[in-house]
Structure formats: C-alpha cells, structure tokens
Amino acid sequence: MALKVVTIDDLPIGPGDVSGAAVSLVDTRGLGDYEACMGSLRTESSAPVLGYPSRRRFTLDVLIEEADRLALLRAEARRGLTRRPKELPPKWFYDERGSALFDAITSLPEYYLTRRERAILRVRAAEIAAITGARTLVELGAGTSDKTRLLIDALDAAGTLETFVPFDVCRPALEAAGAALLDEYPRLAVHAVVGDFDLHLGEIPHEGRTLMAFLGSTIGNFPVEARVRLLGELRDLLGAGGFFLVGTDLVKDRARLDAAYNDSRGITAAFNRNVLRVLNRDLDADFVEHRFEHLAAFDPEQELVDIRLRSRVEQTVRVAALDLDVRFAAGEEMRTEISTKFQREPLERELSASGFAPAGWWTDRAGDFALSLWRVG
Ligand SMILES: C[S@@+](CC[C@H](N)C(=O)[O-])C[C@H]1O[C@@H](n2cnc3c(N)ncnc32)[C@H](O)[C@@H]1O
C-alpha cells in the first residue's frame, strides 16, 4: 500500500482559502520512522504543495509516534505477560494485517454485527443527521469508516457537515480511508488522528456541533470500569449539546454469540493470533502461532464473549526486547479481548450516570444490535 499524498489537483482553491503558514496538506508532525502499523509505508514530503493557496482537505495528526508506541507495547506486554492470569490488550491486534483480518471478519456469515448495524444506519442516518445537525463528525476506532459513509451521506445531504475526524490506533487504515473519502466527498475536510483511546481522547479536534460515533460495538471491548471512565472523558470532550452515537451488540442466544466469534473459516482465530505476530515482530519474541489455540465463549453471568489464546503445550516463550522468558503451562489461557453484550436498561443507566440524555434508540428487525444516540446534558 502506498501513501496517497493529496495533490493540489484534488483541492478546491478559491478566495479565502489561502491558509497562511499552514498550507501543507499532509501534516507530517511526528511521522518519522513510524512502521509498526504501516508495513512499508513511508510518509512523503508535503513540500511540493507548500506555498500554494490551498485549503487543507486532509490532515493527519500522529499523536503516538513509533518510539512511544514501542514503549507502550513494551510496558503493556510486560504487565500482561507477567500477571496471573496473563492478558494482552486488544489494541495490539490492529497492525495493518490485523485491521485487514478484522475487515474480513465483518463479512463473515456468522458475524452478524456489522450487517445489523449497517441496516440500522441505512434506515436511521437521515434522522440522526436531522437531530444532530452536526458540523463535525468524529469517529472513534474508525477503521475503514465503511458504514460511516451512511452517516456522512446523510449529514452531507443535510448540508451541515464540514469535517470528518476519524480516530484510530492503526494508521494505514486511516490513510486508506482518508484518501477514499476525499475522492468520494469533494466538500469534506478529513482530519484523521492516529491515537490511543487510553491516552489521546482529550486531543481529538472538533468544532461546532459535534457528533461522535463509536460503531461496531467496540465499546464492548472495554471492561466496565474503563468504559465508565471512557464515557466521562467523552462527555467532557463533547461538552453540553454534543452528541454521542454508539453501536452495541445485544445479549442473545448463546449459540449465535459463540458462532460469531468462532467462524468456520478460522479468520477470527487468525485475527486473535495476530497479536502474537505483533509481539514477535516488534518485541523480538518467538511465539509459535500454532502452539496457541483460539478460544471464544459467551459468559452468561458477565454477559460478555471472553476471547483467549490457550497454550496447547507447556512452553517457554522468549521476549528478547523485554529480556523476559514467559512460561505457559499446557492448557494455560491468556485473555486477549472481551466483547460485552448489552441490554437497554443497564446501558441507559450507565450513560445517564455519565451525563448523557437519551436522544434515540434503534434496533434492527431481529433485535440483535442497537444503535443509540445521546446528548450531553
Ligand atoms: C472492532 S474494530 C471496529 C472498526 C469499525 N469502527 C467498525 O465498526 O467496523 C475496532 C477499531 O478500533 C481501533 N482500536 C482498537 N483499540 C484502539 C485503541 N486503544 N485506540 C484507538 N483505536 C483503537 C482498531 O484499530 C479498529 O479499527
């Protein structure tokens, strides 16, 4: 994949578009040697366009530089691999390969979540646009922003949307989506932000009436305390009058939930094991993927799908960058993700307690998935 640097030809130029010193189209702050989520991607200089009167239609802010990312990975891997039970945060699935695998998961027959959420958006996007009148659309954990186009279309048709702000830890996904969106929406400015939910929410730029979308039931990956903290941060970031749109997968029949995370083609298993590849590549570890089995099962008490890797054998894995030998007993399990399943009333209580007032609740016909809209009171 090659970085698309937006050229002057892509840009509307007109009176009032001269933007003083800041005329580069790609903000190259902190791009340096960022590789982990980039494959062979290299940032090209924005120099050819400097000096042109132009409107900045694409900006990329990199809030987590390569050195910081590696330091964070080292700290989180050490903590997770030395605690009992072992655990790794799900953000480390998402290098370029992991994002592509997740994208493949979204079209699996067993993985109903994306189809259901898209179906709701298709019917409700215009209503959401009318209620929110958003000038800025922020998307947390944006990935490809595929379904989000339904919202962008509706806000564009309503004539209110000016800027789309996709925020994600995976830079290649943001760059690919950003380039496509610029082509598809000639009036839209895209201000992409590479950052971490845990560190950078407060730095997300937004102006005017703002709708913040958190789709894909990604909120279900947060344990409850972290979720409540997140909601408080989002409320503060949005401020009074801001809107929050969240996609949540609902509690349902156990067999369907188990099937959604154990697809017959093994894509979810490959996605789960991708974290081992990331550790091998970035921390010079020697995990052997097939020595770990993918496990995912609905826990009805906690109402979450618990996703783990189980060591098939007793083994010791060397993580050279941490100078750490990690012993796994045969059958030992390491949690890599949770996917919480929600019910309406408890979710409403949680959001209300965090300062959000309900502004819309929509489900698909089967009642599998909910999209809900909230206004900061
Ligand atoms: C479950 S996917 C959802 C993608 C897309 N929004 C959808 O609805 O299909 C989660 C997304 O969140 C991003 N992500 C995961 N952990 C993150 C973190 N700690 N900070 C920022 N983004 C993160 C991933 O890169 C991925 O794009």
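Here is a walk through this structure, sheet by sheet and helix by helix.

Keep in mind that this is a predicted model, where local features need pLDDT of at least 70, side-chain atom pairs count only at pLDDT 80 or more, and totals for chains, interfaces and linings use all residues. Residues are numbered from 1 along each chain as its sequence is written.

Helices (H or I, at least four residues) and strands (E, at least two) are DSSP runs, numbered from the N terminus. Strands of a sheet pair through backbone hydrogen bonds, either parallel or antiparallel. Here, two strands pair if DSSP finds at least two bridges between them.

Let's begin with the sheet of 8 strands. This sheet is open, its pairing is mixed, and its order is E1-E4-E3-E2-E5-E6-E13-E12. Strand E1 (58-62) and strand E12 (356-363) are at the edges with a single partner strand each, so one side of each has no neighbour in the sheet. From one strand to the next, the twist averages 15°; angles run from 0 to 180 degrees between N-to-C directions, and axes are lines fitted to C-alpha atoms, for helices over the stretch in contact. Zoom in on strand E3 (residues 163-168) and strand E4 (residues 189-194): they run parallel and are joined by 4 bridges.

Helix H7 (residues 224-238) lies across strand E5 (210-214), strand E6 (243-249), E12 and strand E13 (369-376), and runs at about 160° to E5. Helix H10 (residues 344-353) lies across E6, E12 and E13, at about 155° to E12. Contact between two residues means that their C-beta atoms, placed from the backbone, lie within 7 Å.

There's also an open sheet of 3 strands, in the order E7-E8-E11, with antiparallel pairing. Its edge strands, E7 (292-299) and E11 (333-340), each pair on one side only. Its twist averages 20° from one strand to the next. E7 and strand E8 (residues 304-311) run antiparallel, joined by 8 bridges, and Ala-296 stands opposite Ile-307 in E8. Helix H9 (residues 267-283) packs on this sheet, touching E7, E8 and E11, and its direction makes about 115° with that of E7.

Next, find the hairpin: E9 and E10, with 4 residues between them. Strand E9 (residues 315-319) and strand E10 (residues 324-328) run antiparallel and share 5 bridges. Thr-316 stands opposite Arg-327 in E10, while Asp-323 in the turn has a positive phi of about 50°.

How do H3 and H4 cross? The axes of helix H3 (residues 112-132) and helix H4 (residues 148-158) come within 8 Å and cross at roughly 40°. That makes H3 oblique to H4; under 35 degrees counts as roughly parallel, over 145 as roughly antiparallel, 65 to 115 as roughly perpendicular, and the rest as oblique. Residues meeting here include Leu-121 and Ala-125 in H3, and Leu-151 and Ala-154 in H4.

Finally, which residues come nearest the ligand? Of the 20 residues around the ligand, they are Lys-91, Tyr-94, Gly-141, Gly-143 and Gly-216; near means a C-beta atom, placed from the backbone, within 6 Å. Helix H2 (96-105) and helix H6 (197-200) each supply at least two residues of this shell.
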